[in-house]
Amino acid sequence: MAEEVKLFRTWSSGYALRIVWALKLKGIEYETIFEDLTNKSPSLLQYNPIHGKVPVLVHDGKPVCESLVILEYVDETWKHNPLLPQDPCEKSMARFWANFGDDKLMKSISQLFIAREKDQDVAAVEALENLKLVEEQLKGKKFFHGETIGYLDLAFGWFADFVSILEEIMSLKLVDGERFPHLSSWIQHFIDAPVIRDCWPPRDKMIIKFQVMREKYLAAATPK
Amino acid sequence: MDGEVILLDAYASMFGMRLRIALAEKGVKYEYREENLPKKSPFLFQMNPIHKKVPVLIHNGKPICESLIALQYIDEVWHDKNPLLPSDPYKRAQARLWADFVDQKVHTLGRKTWSAKGEEQEAAKKEFIEALKVLEGELGEKPYFGGEEFGYVDVALIPFYSWFHAYETCGNFKIGTQCPKFVAWTKRSMQRESVSKSLADPEKVYDFFLILKKHFGVE
């Protein structure tokens with residue numbers, strides 16, 4: 001019996017893109033269900049009753065939530081073209097850096113993104129420190145795991161796209177080639193990679209979405 | 001051969017207790033090194049430069065940080081004895097999600113029951129009990145979260161039991177009376193030698209907790 005794979009996602013979610021890429025890298029066919037998070041479908045609420053978040057992967061009726069957990073599920077279920085390293089120590093390092101990306105890096109980039117102009121220099125300090133740590137991880141490598149795209153590249157994929165969106169909206173240069181040669185190089189290689197490049201959400205829509213989001217935060221932060 | 005295993009830890013750390021339990025379950029010989037929190041040693045900064053936290057598992061000189069990552073590492077390296085994660089990918093995913101739930105809810109809310117004040121504290125106490133009830137629902141009629149066998153989620157969760165006395169005393173509420181199934185599971189888990197030998201004494205945890213409170217300036 002053919003297996004049934006469904007992916008619940010939104011058009012813009014970087015977390016969902018991780019799974020889109022993973023399934024594409026493994027050559028798995030699936031059905032996409034786009035969700036409007038202001039009006040969640042009964043199916044989504046049934047499959048993710050605790051958090052009601054996307055993405056959710058449903059494999060033969062069984063739901064898996066949380067993008068990094070889904071990535072490992074995909075890798076363990078369809079073992080060809082492995083995403084994670086086999087060695088337990090390297091695997092632990094990959095998990096560590098994925099968590100770092102989602103916690104410390106994302107938080108510091110977000111803080112910078114919603115900072116008022118006078119606060120940007122201070123907000124940038126932590127973001128740049130975190131970027132330096134990621135830069136170190138890429139030294140001597142084309143992608144995080146070496147020559148081919150893997151788990152950590154997919155985990156940091158959101159950043160490859162978002163950094164140029166942030167730079168355009170805020171008119172600043174965050175990842176310049178001089179200060180971050182390896183990170184800049186990784187971004188170029190990743191966004192243009194055959195499996196990756198066809199999946200990006202429309203840039204103009206993303207610019208509008210994040211511009212609106214930023215304006216809302218800045219308005220809320222302004223003292224009355 | 002196990003190689004050289006060092007656990008950089010702090011007696012009252014529920015995250016460190018996870019690794020003590022796992023190493024005991026697997027029968028791994030290791031050197032235990034106590035950090036004198038809240039002071040942190042240069043060695044800790046060297047082994048965990050990014051987060052500067054315990055526990056750190058150091059295997060043949062290589063540090064593994066973050067307790068759930070180290071827990072999976074222990075399970076993968078010493079995979080032939082008492083496996084903690086199931087072998088089925090779907091069940092593994094569920095176990096990972098529930099361990100994440102423990103970190104997001106039990107830890108975060110537990111902390112708030114003593115660090116927050118007034119209405120925020122009352123809300124945290126209520127949500128903490130609700131989180132334990134959700135876990136009771138997940139446990140169902142099974143002896144352990146891992147099913148018939150003590151597993152990954154059990155290891156992730158049981159250390160918080162040693163902090164209940166501190167939460168109850170500071171938050172002025174009773175946990176056990178509201179979550180009887182949870183209490184039954186803790187008693188069952190404590191019968192395992194790996195757990196009873198690894199969990200910190202609740203009175204000593206409370207003493208440490210008072211030092212922590214002072215350090216963070218919480219009255």
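View 1. At 36% relative accessibility, A:R203 is partly exposed (buried is under 20% relative accessible area, exposed over 50%, and partly exposed in between, with a 1.4 Å probe and protein chains only). Helices (H or I, at least four residues) and strands (E, at least two) are DSSP runs, numbered from the N terminus.

A word on what you're looking at: this is a predicted model, where local features need pLDDT of at least 70, side-chain atom pairs count only at pLDDT 80 or more, and totals for chains, interfaces and linings use all residues. Residues are numbered from 1 along each chain as its sequence is written, chains are lettered from A and ligands numbered from 1 in the order in which they are written, and side-chain values use heavy atoms, leaving out hydrogens and water.

View 2. The whole structure holds 24 salt bridges over all chains. One of them joins A:K26 and A:D75, with the closest N and O atoms 2.6 Å apart. A:K26 sits in the loop between α1 (14–25) and β2 (31–34) of chain A and A:D75 in helix α3 (residues 67–77), so the pair ties together parts 49 residues apart in sequence. Both ends are tucked away: A:K26 is buried at 3% relative accessibility, and A:D75 is buried at 10%. In another bridge, A:K173 meets A:E167 at 3.4 Å between the closest N and O atoms; here A:K173 is exposed at 53%, while A:E167 is buried at 13%. Salt bridges also link A:E72, A:E76, A:R95, B:E76, B:R92 and B:R96 in a network.

**View 3. An aromatic pair, A:F190 and A:W200.** A search over all chains turns up 30 aromatic pairs (rings of Phe, Tyr and Trp, the last by its six-membered ring, with centres within 6.5 Å; planes under 30 degrees apart are stacked, over 60 edge-to-face, and the rest tilted). A:F190 and A:W200 make an edge-to-face pair, 6.2 Å centre to centre with 75 degrees between the planes. A:F190 is in helix α7 (residues 181–192) of chain A and A:W200 in the loop between α8 (194–197) and α9 (203–221), so the pair ties together parts ten residues apart in sequence. A:F190 is buried at 0% relative accessibility, and A:W200 is buried at 19%.

View 4. Most residues other than glycine have a negative phi, and most peptide bonds are trans. Yet a cis peptide bond joins A:V54 and A:P55, with omega about 0 degrees, and A:P55 lies in the loop between α2 (42–47) and β3 (56–59) of chain A. Another cis bond joins B:L37 and B:P38, with omega about 5 degrees. A:D60, not a glycine, has a positive phi of about 50 degrees; look for A:D60 in the loop between β3 and β4 (62–65) of chain A. B:E66 also has a positive phi, near 75 degrees, and is partly exposed at 28%.

Methods: A salt bridge is a side-chain nitrogen of Lys or Arg within 4 Å of a carboxyl oxygen of Asp or Glu.
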